[in-house]
Amino acid sequence: MNRRNLLKTLTLSLGATVITSDLLAKVDKNTYRYKIKENPLHQPIKKAVTAITLGAGNRGMVYGTYAEITPNDLKIVGVAEPVAFRNERYAKIHSIPQENRFNTWEDVFKRPKFADAIIISTPDNLHYGPCMKALAMGYDILLEKPIAPTEKECRDILALAKKNNRIVAVCHVLRYAPYFIKMKELIEKGAIGEVVSVQHFEPIEHIHMSHSYVRGNWHNSKETTPIILAKSCHDLDIIKWVINKPSKKIVAMGDLKWFRKENAPANSSDRCVTCSVERECAYSAVKEYADRQTHFLSVLDVPDNIPNRREYILEKLKTSNYGRCVYRMDNDQPDHYVTSIQFADSVTASFSMEAFTSYHGRRTRIMGSMGDLVGDMKELVHNDFRTRKETKFIPEAQDVKGYEDHGHGGGDWLLTKDFVNAVSQQNAKLLTSTIDESIESHLMGFMAEESRKKGKIMDIKV
C-alpha cells in the first residue's frame, strides 16, 4: 500500500481530521508505524549556534552529542566541570581550547559573553545561580529539569527571562517524544471525544531507584530536590501537556518504606565489597557495577584504556557512595508516591511513581467520552467507542546513545534541534517547553510534596 492510500485508509477509519503525522507503513491489521513531521518553523541554519556546557556528566554528554552529529548547527565552545576526567573528555570530544575550560560555573561568567547559549546540566541545586547569571549576561539557555529547587527560584528565572527577552528551554523531553506527540494530537483532533480522566504510571525499576535515588546524586531531597521533581516532573508535565487545561488542586501520599536500616539483611556491612551476604542481595553494587557493567557505570568515570576494568571498578566502590549499602545511606526520597490532580472542566488525573518494578517505561491510560488511549511508549492503542475499531500506533524515534529504551522516547535530540533553531532564529515559538509553558508542572510538584508532608489537599496557583 503506498503512503497516499495508507493515509486515506487510516483517515477514513478514524475521522478526517485525526492524522497529521507522517505514516511510514502498515505493519499489521489496524497497526501503523509513524514518525513526526519536521517542525515547519525550522529554517536552514546559516551559522552554527555556539554554546557553553555547564556540567559534563550524563545529561551534558547527551546535549553535547547533538553537536557532534550536527556540527554545522551547534558548536560547543566551552565547558565548566569540576571533575577532571569529565572536563578532559568533553574538551577532547568538542575540541575546546584550554582557555574555554573551567572548573566551576562561576568561572565562565567572569569572562564577557562568548557564546550564543548556555547548556545547564549541573546538579539540581546548581541550576538557579548559573541560570540567573546567564540571563543577566544575555545568554539563551537550555535548562535541564527541574528548573530550580524552590518555587521562588523558578518564578525568579521566569521573571528575568521575560525581562531580558531571553529563550529558556526547559528539558521536558517527553513533550518532544513522538509517542506523546501522537497522544496529544489524537486528543486535540477529537479521537476520544472529551477527556474525562487520565491514569499515568512511572515504574522507575528497582536498580534505577537504588542507583539514582538511594546511592546516587538525588538520594537526599534536602541537598537536591524531592523525587517528585527530580524524577517525576517529566510526568506531571506530560499529564498537564496532553490534558491542556489548568491544574487546580493536588493531593499526594508516599514514603520511604524499604531502603531503611531496619531492613538491612543480617550480617550485612556498610559496603558491598566487604559484605558477607552481598551475593544474595538484590541491590549488590558489586553485581551491578563490576559484574554486569550496565549503562549506570558511567557515573564512576571509568577510563576506556585501563588493563583491569573490574578491579578498577571495585576500587571505586570502596570509596564512592555507589559502593555503599542501600540500607545504610542517608537517603530520604520516597520509594513509592501517588498523586491525584483536579484540572479545570472536571478533568481528573492520577499519577503513581513506583520503585519496585522489574521494568521501566511510562504507562498511560486516557479515558474520553468517545474513546480511550492506552500505551506504554512503545505502542499507543486507540479505541473508538463509536465504531468499535481499535487502531495501534508504533512510533519511530531515535534514542540517544546510553538512553536506548530508557524512557525518553527519542525526545532528547528533537528538543535540542528545536532549541538550536529557536536560538538561531531568536524565536521561542519553535519550542513547546519554554519556561512559560513548563513552570505550571513544577508548581504541581511543589504542591504535591507539600501535600504529602502535611496530609492536605493543596491549591495550585499559577
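Which residue in β4 does V49 stand opposite?

Modeller: V49 stands opposite L74 in β4. This is a predicted model: local features need pLDDT of at least 70, side-chain atom pairs count only at pLDDT 80 or more, and totals for chains, interfaces and linings use all residues. Residues are numbered from 1 along each chain as its sequence is written, and side-chain values use heavy atoms, with hydrogens and water left out.

Now the strands themselves. Strand β3 covers residues 49-54 and strand β4 residues 74-80; the two pair in the parallel sense over six bridges. Strands (E, at least two residues) and helices (H or I, at least four) are DSSP runs, numbered from the N terminus. Two strands pair if DSSP finds at least two bridges between them. Strands of a sheet pair through backbone hydrogen bonds, either parallel or antiparallel.

The whole sheet is open, with six strands in parallel pairing. Their order is β5-β4-β3-β6-β7-β8. The edges belong to β5 (101-102) and β8 (168-170). Each has a single partner strand, so one side of each is left without a neighbour in the sheet. Helix α5 (residues 128-136) packs on this sheet. There α5 touches β3, β6 (117-120), β7 (140-143) and β8. Contact means heavy atoms within 4.5 Å. The direction of α5 makes about 160 degrees with that of β7. Axes are lines fitted to C-alpha atoms, for helices over the stretch in contact, and angles run from 0 to 180 degrees between N-to-C directions.

M132 is found in helix α5. Leaving aside residues up to four places away in sequence, M132 touches D156, I157 and L160. E153 is 21 residues from M132 along the chain, and their C-alpha atoms are separated by 9.3 Å.

In an unreviewed entry, UniProt places the feature "domain: Gfo/Idh/MocA-like oxidoreductase N-terminal" at residues 54-171. UniProt positions are given in the numbering used here, feature names are shortened, and annotations may be inferred rather than shown by experiment. In the model, the span 54-171 is 42% helix and 18% strand. Its end C-alpha atoms lie 14 Å apart.

In β13, G368 is the bridge partner of V195. Seven bridges also join β9 to strand β12 (residues 348-354), and these two run parallel. E202 stands opposite M353 in β12.

Next comes helix α10 (residues 233-243). Eleven of its eleven residues are buried, so α10 is largely enclosed by the rest of the structure. Buried means under 20% relative accessible area, exposed over 50%, partly exposed in between (1.4 Å probe, protein chains only). Among the buried residues of α10 are D235, K240 and W241. Just after α10, N244 takes a positive phi of about 60 degrees.

S247 is buried, with a relative accessible area of 3%. The side chains of S247 and E440 are joined by a polar contact of 2.7 Å. Such a contact is a pair of N or O atoms within 3.5 Å; within protein, one must be able to donate a hydrogen and the other to accept it, and residues adjacent in sequence count only if both atoms are side-chain atoms. Beyond four places in sequence, the residues that S247 touches include I341, F343 and M444.
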